[in-house]
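Me: I would like to go through a structure feature by feature. Please give the general idea where there is one, then the case at hand.

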Amino acid sequence: MFTNSQRQEERTGKYGTQRVEYLQELVTQFQNASSEETKEKIVANLANFAYDPYNYTFLRQLNVIELFLDCITEPNEKLVEFGIGGICNACADTANAALVTQNDGIPLVIQCLSSPVRNTVNYALGALYYLCNASNKKEILKPEVIDAIKSYAAAGEVSTSFSNLAQAFLDKHV
């Protein structure tokens, strides 16, 4: 599941594209894309790379965390979903979480809690679980945010994943 330099070399071969180069290609394709569908596919692909610690340095180097944050501000629900998914995957790493915080991403993540898209809400709950720490608890643990998370925790019959993730957040941070 997770990659290291040796495994990456084995997978790409002697003449394969290096990971950072491939990620740079994706970022460039996203920036040049005019089709919403193309952008959605690229951001989904980048979000899949965001779960692997091997890629964290590359994602920061290429400003992919910022790209994910930009996607959350789009009217396109798929871009929002994949953007918050990428943030959720990446912010298990404290350096990535710090980037989200430094780039005023917490209000954007909180806003995703009210999305009509289930995956978006799930990713937002996961991201907040990792983002919440002593330096930003006041920003995250506002009464309206806690109320929303409590409502998801109580919604076990509607969605077990919402309920479990929300309860884990409450258990750890409230």
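**Reading the model**

Reply: Start with a polar pair: the side chain of N55 has a polar atom 2.9 Å from the backbone oxygen of F49. The coordinates come from a predicted model.

Me: Where is N55 found, and is N55 buried or exposed?

Reply: N55 sits in the loop between α3 (36-49) and α4 (56-61). Its relative accessible area is 1%, and the cut-off for buried is under 20%, so N55 counts as buried.

Me: Which residues is N55 in contact with, leaving aside its neighbours within four places in sequence?

Reply: N55 is in contact with R19, L23 and F49. F49 is also the residue whose backbone oxygen lies 2.9 Å from the N55 side chain.

Me: How do I read a helix pair? At what angle do α3 and α6 pack?

Reply: The angle is taken between the N-to-C directions of the two axes. For α3 and helix α6 (residues 77-90) the angle is about 15 degrees, and the axes are 8 Å apart. Angles under 35 degrees count as roughly parallel, so α3 and α6 are roughly parallel to each other. The crossing of α3 past α6 is left-handed. On the α3 side the contact involves E36, K39, E40, V43, A44 and A47; on the α6 side, K78, L79, F82, G83, G85, G86 and N89.

Me: At what angle do the axes of α3 and α5 cross?

Reply: The axes of α3 and helix α5 (residues 64-72) cross at roughly 130 degrees and come within 11 Å. That angle makes α3 and α5 oblique to each other. The crossing is left-handed. V43, L46 and A47 of α3 meet V64, L67, F68 and C71 of α5. V43 and A47 are also among the α3 residues in the contact with α6.

Me: What is the phi of D104, and where does D104 lie?

Reply: The phi of D104 is near 55 degrees, again positive in a residue other than glycine. D104 lies in the loop between α7 (94-102) and α8 (106-111). With a relative accessible area of 57%, D104 is exposed.

Me: Is T120 buried or exposed, and which residues does T120 touch?

Reply: T120, in helix α9 (residues 118-131), is buried, with a relative accessible area of 0%. Not counting residues up to four places away in sequence, T120 touches E77, V80, E81, I84, C112 and S115.

Me: How many residues apart along the chain are A95 and T57?

Reply: A95 and T57 are 38 residues apart along the chain, and their C-alpha atoms are separated by 9.1 Å. A95 belongs to helix α7 and is partly exposed, at a relative accessible area of 32%.

How values were computed. Residues numbered from 1 in each chain as written. Predicted model: local features only at pLDDT ≥ 70, side-chain atom pairs only at ≥ 80, totals over all residues. Heavy atoms only, no water. Helix = DSSP H or I, 4+ residues; strand = E, 2+ residues; numbered from the N terminus. Buried < 20%, exposed > 50% of the residue type's maximum accessible area, 1.4 Å probe, protein only. Polar contact = N/O pair within 3.5 Å; in protein donor to acceptor, adjacent residues only side chain to side chain. Contact = heavy atoms within 4.5 Å. Axes fitted to C-alpha atoms, helices over the stretch in contact; angles between N-to-C directions. Parallel < 35°, antiparallel > 145°, perpendicular 65-115°, else oblique. Left-handed = near helix turned anticlockwise from the far one by under 90°.
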